[in-house]
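Dear colleague,

I am handing over the structure below for your own work, and my notes on it follow directly after. Please read them with the coordinates open beside you.

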Amino acid sequence: MVTGFPLAVFEGNAPGDFALDFGNNGTYEFGVETTGNWGTSKQGELFKHASWSNTQYFSVCNPFALNGGVSLGNVLFAYDNLTYIANKHYAFEIGIPINLLTPLWVTNFFIPKFSAHWTMQCGNNCITLNLDSVVHTPEPSTILLTLFGGLGTILLRRRKK
Ligand SMILES: [Ca+2]
């Protein structure tokens, strides 16, 4: 995600955390801490059962920052304020293993409907990426490879006996 806001207090406003809303129903079940500025939270820490602080001025951009949740540990988190600083753009990259998002995201073959959201403390601007659910049907070649892989494993086991 590329924002126009740095990962630091800027003009009196703190940067927000990343919020994930499964089902796009306004409840953000998961969050990733960007700064580690509440409790013992650390930058890049993923939380489920997330609770949130709202923006200071613009409720249309809620939520703003994590203020509670159950830690699932740190996930891949990268931030770049050097490459894009000339244009005042800041790039965030977050990688979350699907298994940490169960039961809301269970398999590679079905991407659930969800949104990823970010804003800053004032809520003057926000970015929300809305994704519809996607069903992936395995290609026949993938199924065959899986079958042959399984057969190979069985044959190897028989040879070892
Ligand atoms: Ca939700």
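Strand 2 (residues 18-22) and strand 3 (residues 30-32) run antiparallel and are joined by three bridges, and within this pairing Leu-20 stands opposite Phe-30 of strand 3. Please keep in mind throughout that this is a predicted model.

The two strands belong to an open sheet of six strands, in which the order is 5-4-3-2-9-10 and the pairing is antiparallel. The edges are taken by strand 5 (65-74) and strand 10 (126-131), each of which has a single partner strand, so that one side of each is left without a neighbour in the sheet. From one strand to the next, the twist averages 25°.

As to the packing, the largest nonpolar core has 15 residues, and among these Ala-50 and Trp-52 touch the most other members. Two or more residues are given to this core by each of strand 2, strand 3, strand 4, strand 5 and strand 9 (114-119), and the largest share, four residues, comes from strand 4. If residues up to four places away in sequence are left out, Ala-50 touches Tyr-28, Glu-29, Phe-30, Gly-31, Leu-66 and Gly-69; Phe-30 in that list is the residue that Leu-20 stands opposite.

In general, most residues other than glycine have a negative phi, and most peptide bonds are trans. Against that background, the peptide bond from Asn-62 to Pro-63 is cis, with omega near -5°, and Pro-63 lies in the loop between strand 4 (45-53) and strand 5. Another cis peptide bond joins Thr-102 and Pro-103, where omega is about 5°; here Pro-103 is placed in the loop between strand 7 (90-95) and strand 8 (110-111).

Positive phi values in residues other than glycine are found at Glu-11, where phi is near 50°, and at Asn-24, where it is about 45°. Glu-11 is in the loop between strand 1 (2-3) and strand 2, and it counts as exposed because it has 9 C-beta neighbours inside 10 Å, the cut-off for that class being 12 or fewer. Asn-24, in the loop between strand 2 and strand 3, has 15 other C-beta atoms within 10 Å and is therefore partly exposed.

With best regards

How values were computed. Residues numbered from 1 in each chain as written. Predicted model: local features only at pLDDT ≥ 70, side-chain atom pairs only at ≥ 80, totals over all residues. Pairing = 2+ DSSP bridges. Axes fitted to C-alpha atoms, helices over the stretch in contact; angles between N-to-C directions. Buried ≥ 20, exposed ≤ 12 C-beta atoms within 10 Å, placed from the backbone. Core = buried A, V, L, I, M, F, W, Y, C linked by C-beta atoms within 7 Å. Contact = placed C-beta atoms within 7 Å.
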